[in-house]
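Please open the structure in the viewer and keep the sequence beside it.

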Amino acid sequence: MTEQPERPHRPHYTEADLQREVTELESQSATAARIFDLRRIIGGLFVVYGVIVTITGITDSQAAIDKAEGVNINLWTGIGMLLLGIFFLAWLKLRPTPPPLPAEGVPGEKE
C-alpha cells in the first residue's frame, strides 16, 4: 500500500469570514483613496510653499523689490500660491471622494 503524504492543516473559512475580510479590505482601500487624494497633496504643498514665499515677500529688502522692477514678486506669488492651495483644499472638503461602488456579479452574494 502507498501512504499518502500528510497535508498541512489549513483552517476552514466560512462564507461569512470571507465576506467580512472582503468588506474590511474594501474599507481600507477607500480610506487609502481618501488619504492620498491628489487635491489634498497639491493643496497642502501649495499652502506650505505659499506661506514660505509670502513671508519672504513680507521681509524682502528694497533692493530685492527694485531688482523685480518695483514689484514685490515674492509677496504676490506667495499670495497666489496660498489662494490656489486653499482652493484645492476647499474643493476636497466640498466634493469628497465618493466611496467605491460594490462590485457587481460577485459570486456568493445574495440578492
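There are 3 aromatic pairs, where rings of Phe, Tyr and Trp (its six-membered ring) pair if their centres lie within 6.5 Å. Select Phe-87 and Phe-88: their pair is edge-to-face (planes over 60 degrees apart), at 5.8 Å centre to centre and 75° between the planes. This is a predicted model, in which local features need pLDDT of at least 70 and side-chain atom pairs count only at pLDDT 80 or more. Residues are numbered from 1 along each chain, and side-chain values use heavy atoms.

Next select Arg-39, whose charged end sits over the ring of Trp-91, 5.0 Å from its centre (CZ of Arg within 6 Å of the ring centre and within 35 degrees of the ring normal).

Now display helices H2 (residues 38-58) and H4 (73-94); helices are DSSP runs (H or I) of at least four residues, numbered from the N terminus. H2 and H4 pack at about 155°, with axes 7 Å apart; axes are lines fitted to C-alpha atoms over the stretch in contact, and angles run from 0 to 180 degrees between N-to-C directions. The two helices are therefore roughly antiparallel (over 145 degrees).

Finally, select Glu-69, in the loop between H3 (62-67) and H4. Glu-69 has a positive phi, near 60°, and is exposed, with a relative accessible area of 74%. Most residues other than glycine have a negative phi.

Note on methods
Phe/Tyr/Trp six-rings, centres within 6.5 Å; stacked < 30°, edge-to-face > 60°. Buried < 20%, exposed > 50% of the residue type's maximum accessible area, 1.4 Å probe, protein only. Parallel < 35°, antiparallel > 145°, perpendicular 65-115°, else oblique.
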